[in-house]
Every structure is written in structure tokens, then in C-alpha cells.
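Please read the points below with the sequence and the model at hand.

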Amino acid sequence: MRSLLRAIQGGAFATVVMTAFRLPILRSLPPSANFWAKYVGDGHPEEYTGMGIFLHFLYGISFGALFGLLYPRLRLPRSATETEGVVWGTVFGLSLIH
């Protein structure tokens, strides 16, 4: 249970960092707003900002938690550093982008 809570915390942190980068710098909505507009709604993605951000956090936290649960099972040497975890987490996150 503790591993799951730590994984959820990591997923939430990574999602906040990504969102803090994306919104002010790229000035674009998360791709989930496009998803919602195309498959659920009937308007433009800008009309679904709230839902887009909610979905972005939902799957960001979920996949971050999944990584947090899978990472210890990679059988890395005991000398694996925190930096290596961040690198693997980044690779995992980037692999989720189409």
C-alpha cells in the first residue's frame, strides 16, 4: 500500500511539472482537451479546458503510479541512483506520447 501511495505522489508531481511547463510556455491545452472535443463533445478543444486538464491529471497520475509500481521490478543494480530513476521515468512518460 505504501508503494502505491508513493507511486501516486510521483505521478501527481510529474503531472504538475509537465502542466506547469506546457500551459505557460507552449500555450497549448493538454491533448486530452482535443480527445474530449473529438470523441465526446461537439465543440472546439478550447471549450473543454476544464475537462481536458482534469483528464490530463487523471491519466498523468495513473500512468505515473503505474511507473512507480513497475520501476522497482526493473531489477536495476542496487547502485541505481535517483537520477537514473528520473531518466527512466522521462523515457516512460515520453513513450506514452504518440
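Predicted model: local features only at pLDDT ≥ 70, side-chain atom pairs only at ≥ 80, totals over all residues.

1. Overall make-up. The chain contains 4 helices and 0 strands. Followed along the sequence, the pattern reads α-α-α-α. Taken along the principal axes, the C-alpha atoms fill a box of roughly 50 × 30 × 20 Å.

2. Of the 98 residues in the chain, 17% are buried. Where contacts join residues at least 6 apart in sequence, 45% of them link residues at least 24 apart.

3. Helix H3. This helix covers residues 49-70, a run of 22 residues. From its first C-alpha to its last, H3 reaches 31 Å, which is close to the 32 Å expected at 1.5 Å a residue. The buried residues of H3 are Gly 52, Leu 55, His 56, Gly 60, Ala 65 and Phe 67. As for their partners, the buried residues of H3 pack against helix H1 (2-26), helix H2 (31-39) and helix H4 (82-95). In reading such a helix, recall that an α-helix has 3.6 residues a turn, so residues three or four places apart point the same way.

4. His 56. This residue belongs to helix H3. Why does His 56 count as buried? Its relative accessibility is 3%, and the cut-off for a buried residue is under 20%. The side chain of His 56 makes a polar contact of 2.8 Å with the side chain of Thr 19. Leaving aside residues up to four places away in sequence, His 56 touches Thr 15, Met 18, Thr 19, Pro 30 and Ser 32.

5. Gly 64. Helix H3 also holds Gly 64. Which residues does Gly 64 touch, not counting residues up to four places away in sequence? They are Ala 7 and Gly 11. Gly 64 and Leu 26 are 38 residues apart in sequence, and their C-alpha atoms are 22 Å apart in space.

6. Gly 85. This glycine lies in helix H4. Gly 85 counts as buried because its relative accessibility is 15%, where the limit is under 20%. With residues up to four places away in sequence left out, Gly 85 touches Phe 67 and Tyr 71. Phe 67 is itself one of the buried residues of H3. Between Gly 85 and Gly 68 there are 9.5 Å from C-alpha to C-alpha, at 17 residues apart in sequence.

7. The largest pocket. About 1400 Å³ of space lies in this pocket. Its lining has 33 residues, and those nearest the centre are Gly 10, Ala 14, Gly 64, Phe 67 and Gly 89.

8. Composition of the lining. H1, H3 and H4 each supply at least two residues to the lining of the largest pocket. Which helix gives the most to that lining? H1 does, with 12 residues. Sorted by class, the lining has 16 nonpolar, 14 polar and 3 charged residues.

Methods:
Residues numbered from 1 in each chain as written. Heavy atoms only, no water. Expected span 1.5 Å × (residues − 1). Buried < 20%, exposed > 50% of the residue type's maximum accessible area, 1.4 Å probe, protein only. Contact = heavy atoms within 4.5 Å. Polar contact = N/O pair within 3.5 Å; in protein donor to acceptor, adjacent residues only side chain to side chain. 1 Å grid on protein atoms, 1.4 Å probe; cavity = no way out; pocket = protein on both sides within 12 Å on 5 of 7 lines; lining within 4 Å. Points joined across faces, edges and corners; volume = space filled by probe spheres on them. Nonpolar A, V, L, I, M, F, W, Y, C, P; charged D, E, K, R; others polar.
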